[in-house]
Amino acid sequence: MLDFPRWKVLSIFGFLAVLMALAIPSFFPEDMTKGWPVHPRINLGLDLAGGSYLLLEADTSQLVTDRVNLMSDSVATAMRKAPRIDVGDITTDGGKVSFMLRNVAQLEDARQRLSQMTTGAQMTGQRDWDIQVVDSTRFVITPTKAGVDEAIDSAMSGATEVVRRRIDSLGTREPTIIRQGATRIVVQVPGLQDPTALKELLGKTAKLEFKLVDTTADTAKLAVGQSPIGDQILPYPSAAGRGFPYVGYPANKPPVIAVRRAAIITGQDLTDARVQNDSQTNAPVVAFQFNTEGGKRFARTTQENVNKPFAIILDGSVISAPNIEGPILGGSGVIQGGFTFQSANDLAIQLKSGALPVALKVIEERTVGPELGKDSIDAGIKASIIAVILVVLFMLVTYGRFGLYANYAVVINVLVIMGVLAVLNGTLTLPGIAGFVLTIGTAVDANVLINERIREERRRGRSVMQSVELGYKEASRTIFEANMTHAISGVVMLLLGSGPVKGFAVVLLIGIATSVFTAVTFTRMLVVLWLRKHRPQTINI
Amino acid sequence: MRLLKIVPDDTNIDFVRLRYWAFGLTTLLTIAAVALVFIHRLNMGVDFVGGIMIEEKFMVAPSVDKVRKVVDDLKVGEASLQQVGGPTTLSIRLPRPESNDPAATNQVVEKVKAALAANFAGAQFSKQDAVSGKVSGELVWNGILAVVVAVLLIGLFAIFRFEWQFGVSTVVAIMHDVLMTLGFFALTQLEFDLNIVAAVLTIIGYSINDKIVIDDRIRENMRRYRKMDMREIINLSVNETLPRTVMTSLTILLALVALLIFGGHVLRGFTAAMILGVIVGTYSSIYVSSSLLITLGLRAEPTPDKPGKPNAATGAERVGPGNN
């Protein structure tokens, strides 16, 4: 029992000292600890630091539809290639691309061209599209689940990046942007009080397209929604506004224009976008710059289409349709759209950060003001200190010297938990503070078990040494089993819990692990050192 | 210095004899708790039903009726108001706007914030939660799943480490604890939110902790006094561990009371749940799970040793409680 070698004593002290030292930087302001060689920090959760939490969910239905439409376009293009394969009745009904073959002899050729357009998807060994021939003349191309999942996955990765770039432009402190599950993104911005601006910024996909306007379209047909081949119909802001290309458009119908399906250029070719004031009207406009390749393409197209209008389309709605006065060289220009400074600035940020591959919707939102956060920290710290004092006094009057040792363990345990939390780069939340307080309560349970056992053994008439030895030995098994079950519920909370439940579970689990060490090993060492020195015949417990 | 002993050394309460009374009372209380949940319903927070919750701090205690009128005039749905943490802080609950526009929620929040700031000088927004129906449904499901999985895993653990009777009695006792906690929330109409799920899981963890300690002692005594009647063994074990049970519960209650009084209003529901859970859990350890072992027919007959070290290894001759 009294065998407790010096190296063991030193390593226990050393180990605890290191863990406690890791907690130190968290007590000082961040600027001060920056220069320290090691400075792990406990992050404060939004509920303590104040800030905004947004849970975004992607609307993937549009993505899926777009993908099918794109496939249909590619099929048409592929079949037109020489030697031409005649097809008809291309539809995208029911989320599938389907078309008829006019010449059955070309079946194998067509199949070959189609199979080149599909690739393996994910690790499933499945292809991304499933090709079937019905009645030996009709091809049906169905998107496979693996293919759709892969498309969604890559769109979400892209979206996460775009969200990050857009939020970075706000210049806020340390935002956290994490993908969650298949179609969600969690955004946490500490210190942000008003999430309105943030939501405005994330609310648009900002898909910018420049398309030529079809000026030859029949206005009467347009008004009833009939589009010329190769065109698409888009609503126009106002028929009376500048640049409306059609004379004699029915005044009682909502204004629309027909544009060529194929874009001259898209937002992907942008290298820069920023707010400017228009030199004539002084109204805010968004100035943009294309990359070299895009700039050339734009110059060529404008050169070929002088005196014709082109439409600037954002997220499927026309912003304006200016006339091409002359070739636009140099790859730069401005978008006028009756902006306010704020909306122009938002658009510039959105364009520069790229279009979102999917539309995102806010499905959960939590904001905590800095005042409440500060109040919560203050209250939490106050409650913890009072809890420690109460528990310490209670242990002292109940177990005397043994209570004192348990108290050392409790105080050290609090610091050790903080150290471990800092090293793990953990986040302390308000429920986490509750976890602390609860750990203070449960950590002494181990010592209660040991001390009660020692009392029992003493009552049975055992010697001091024997009682202490048996006390630790017998109680250790119970402590292990009790903590195991406690840990089970902690792990369940960590894995299945959401938000506050997780924050609580982290502290609880760390606390269970460290408290076994401080409450059993550490106090045992203190007791042994004392017994060895004084060899008491009787103990007050 | 004379040390404090909350439970006197020679305590020997016949808990087992009390068990029919205890079962009756427990059953009655549990039925009452379930009935309360069905009749009163839980006051579900926005976490679980969706909606908007705004917490506003005022310079001086406002008239709740006036605040209600200001919010009602905005026509953003039926508001329910509640004082939280003190007379100057109000929480305002609103239904989620029925609109697919993602900005709709925000507009409501902005409207309320602006109206309050205009009508009450110095009114300050301190917190805002908006949860969509979809997310709240998932949160409910996750919460239930977490509780069920935790109970099952712990039951399995108890069966694995002890006899099956321990697993069953523990799970029954824990279900009792959870139901009582739910009943408490139905009775008090305290808001039931995500924090409370954490509290319920912690109660489960704590309560099981308590039961394992007693179970462990029962197992130890079963091996030590192979001839002793099961009732006596259970009585002995519960009495032997009683000082520890009381001591630990009191310590945790001390810490929790500190949290309840000084921890701020955000954690109040959580702490209240925990305090109730500690009391209920301690009760069920003594009266429900241990006594249930007899009903389930646990016998002290020699059984193959489960993992858990037999006490004979210490080579110590033990003395029964009568010899103290």
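This is a predicted model: local features need pLDDT of at least 70, side-chain atom pairs count only at pLDDT 80 or more; totals for chains, interfaces and linings use all residues.
## How the chains are divided

Let's start with chain A. Its domain assignment gives three parts: domain 1 (6-49 + 369-534), domain 2 (51-190 + 355-366) and domain 3 (207-352). Notice that domain 1 of chain A is written as two stretches, 6-49 and 369-534. Taken over C-alpha atoms, the centres of domain 1 and domain 2 of chain A are 51 Å apart.

Chain B gets two domains in its assignment: domain 1 (19-44 + 136-302) and domain 2 (51-131). Here the C-alpha centres of domain 1 and domain 2 of chain B are separated by 38 Å.

## Chain B as a whole

Chain B is built with nine helices and six strands. How does its radius of gyration look beside that of a compact globule of 324 residues? Such a globule would come out near 20 Å, but chain B has 25 Å. The C-alpha trace of chain B spans about 80 × 50 × 35 Å along its principal axes. Of the 324 residues in chain B, 47% are buried.

There's also something to say about how the chain folds back on itself. Take the contacts in chain B between residues at least 6 apart in sequence: 78% of them join residues at least 24 apart.

## A covered strand in chain B

Now zoom in on strand β4 of chain B, residues 89-94. Is this strand mostly covered or mostly open? Mostly covered: six of its six residues are buried. T89(B), S91(B) and R93(B) point one way from β4(B), while L90(B), I92(B) and L94(B) point the other way, and all are buried.

Strand β2 of chain B (residues 51-57) runs antiparallel to β4(B), and six bridges join them. In that pairing, I52(B) sits opposite L94(B). Strand β3 of chain B (residues 80-83) is also antiparallel to β4(B), this time with four bridges. There, L81(B) has I92(B) as its bridge partner. β3(B) and β4(B) make a hairpin with five residues between the strands, and G85(B) takes a positive phi near 70°.

Over in chain A, look for an open sheet of three strands in the order β15-β16-β19, with antiparallel pairing. Its edge strands are β15 and β19 (332-335), each of which pairs on one side only. From one strand to the next, the twist averages 25°.

β15(A) (residues 270-277) and β16(A) (residues 284-290) are joined by seven bridges. They form a hairpin with six residues between them, and N282(A) in the turn has a positive phi of about 65°. Along this pair, D272(A) stands opposite Q289(A). Helix α10 of chain A (residues 341-352) lies across β15 and β16, running at about 170° to β15(A).

Why does Q276(A) count as partly exposed? Because it has 14 C-beta neighbours inside 10 Å, while a residue needs 20 or more to be buried and 12 or fewer to be exposed. Q276(A) stands opposite V285(A) in β16(A). Leaving aside neighbours within four places in sequence, Q276(A) is in contact with V285(A), A287(A) and V334(A). Q276(A) and V334(A) are 58 residues apart in sequence, yet 8.5 Å apart in space, C-alpha to C-alpha.

## Strand pairs at a glance

| Strand pair | Sense | Bridges |
|---|---|---|
| β15(A) and β16(A) | antiparallel | seven bridges |
| β2(B) and β4(B) | antiparallel | six bridges |
| β20(A) and β5(B) | antiparallel | five bridges |
| β3(B) and β4(B) | antiparallel | four bridges |

## Where the chains meet

Finally, how many residues does each chain bring to the contact? Chain A brings 68 residues and chain B brings 67 residues. On the side of chain A that touches chain B, α7 (196-202), β20 (359-368), α11 (370-399), α13 (430-459), α14 (464-496) and α15 (500-534) each supply at least two residues. The largest share of that side, 16 residues, comes from α11(A). The residues on this side of chain A divide into 34 nonpolar, 19 polar and 15 charged.

The two chains also share strand pairing: β20(A) and β5(B) (residues 124-131) pair in the antiparallel sense over five bridges. Within that pairing, E365(A) has A130(B) as its bridge partner.

Terms used: Residues are numbered from 1 along each chain as its sequence is written. Chains are lettered from A and ligands numbered from 1 in the order in which they are written. Two residues are in contact if their C-beta atoms, placed from the backbone, lie within 7 Å. Ala, Val, Leu, Ile, Met, Phe, Trp, Tyr, Cys and Pro count as nonpolar, Asp, Glu, Lys and Arg as charged, and the others, Gly among them, as polar. Two strands pair if DSSP finds at least two bridges between them. The radius of gyration is taken over C-alpha atoms; the globule rule is 2.2 Å times the number of residues to the power 0.38. Domain bounds come from an automatic or database domain assignment. Axes are lines fitted to C-alpha atoms, for helices over the stretch in contact, and angles run from 0 to 180 degrees between N-to-C directions.
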